[in-house]
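This note sets out a few points for a colleague who is meeting the structure for the first time. Please read them alongside the model.

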Amino acid sequence: MATFFSDTHPKMAALQIKLSREAPAWRKMEMLAQLNASARTLALSGLRQRHPNAGEGELRRRLAGLLLGDELAQKVYGGIIHAA
């Protein structure tokens, strides 16, 4: 069995795969939701660093641009309104 990460011992990688396969669907969805929330948190943190004067509305709009692509975010949410 090939390992996904070179820093993970093959026995531990096999155990992770086994546990993942045995997990009920609700648990897999819960883990996916947690990963999604973490990714959004990290993305917002990066946006805050790049745009320190941006308000929450602008940051949410910029996040939408990252998640949806600028073209779709523009259609759905409009343009980016910069904080005054």
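1. Glu58 lies in helix α3, where helices are DSSP runs of H or I of at least four residues, numbered from the N terminus. Glu58 is buried, its relative accessible area being 7%; buried means under 20%, exposed over 50% and partly exposed in between, with a 1.4 Å probe and protein chains only. Its side chain and that of His82 are joined by a polar contact of 3.4 Å, a term for a pair of N or O atoms within 3.5 Å, one able to donate a hydrogen and the other to accept it.

2. The model is predicted: local features need pLDDT of at least 70 and side-chain atom pairs pLDDT 80 or more, whereas totals for chains, interfaces and linings use all residues. Residues are numbered from 1 along each chain as its sequence is written, and side-chain values use heavy atoms, without hydrogens and water.

3. Leu47 belongs to helix α2 (residues 25-50) and is also buried, at 4% relative accessibility. Leaving aside residues up to four places away in sequence, Leu47 touches Leu59, Arg62, Leu63 and Leu66, contact meaning heavy atoms within 4.5 Å. Leu47 and Leu68 are 21 residues apart in sequence, and their C-alpha atoms are 15 Å apart in space.

4. The axes of helix α3 (residues 56-68) and helix α4 (residues 70-77) come within 7 Å and cross at roughly 135°. The contact is made by Arg61, Ala64, Gly65 and Leu68 of α3 with Asp70, Leu72, Ala73, Gln74 and Tyr77 of α4.

Note on methods
Axes fitted to C-alpha atoms, helices over the stretch in contact; angles between N-to-C directions. Helix = DSSP H or I, 4+ residues; strand = E, 2+ residues; numbered from the N terminus.
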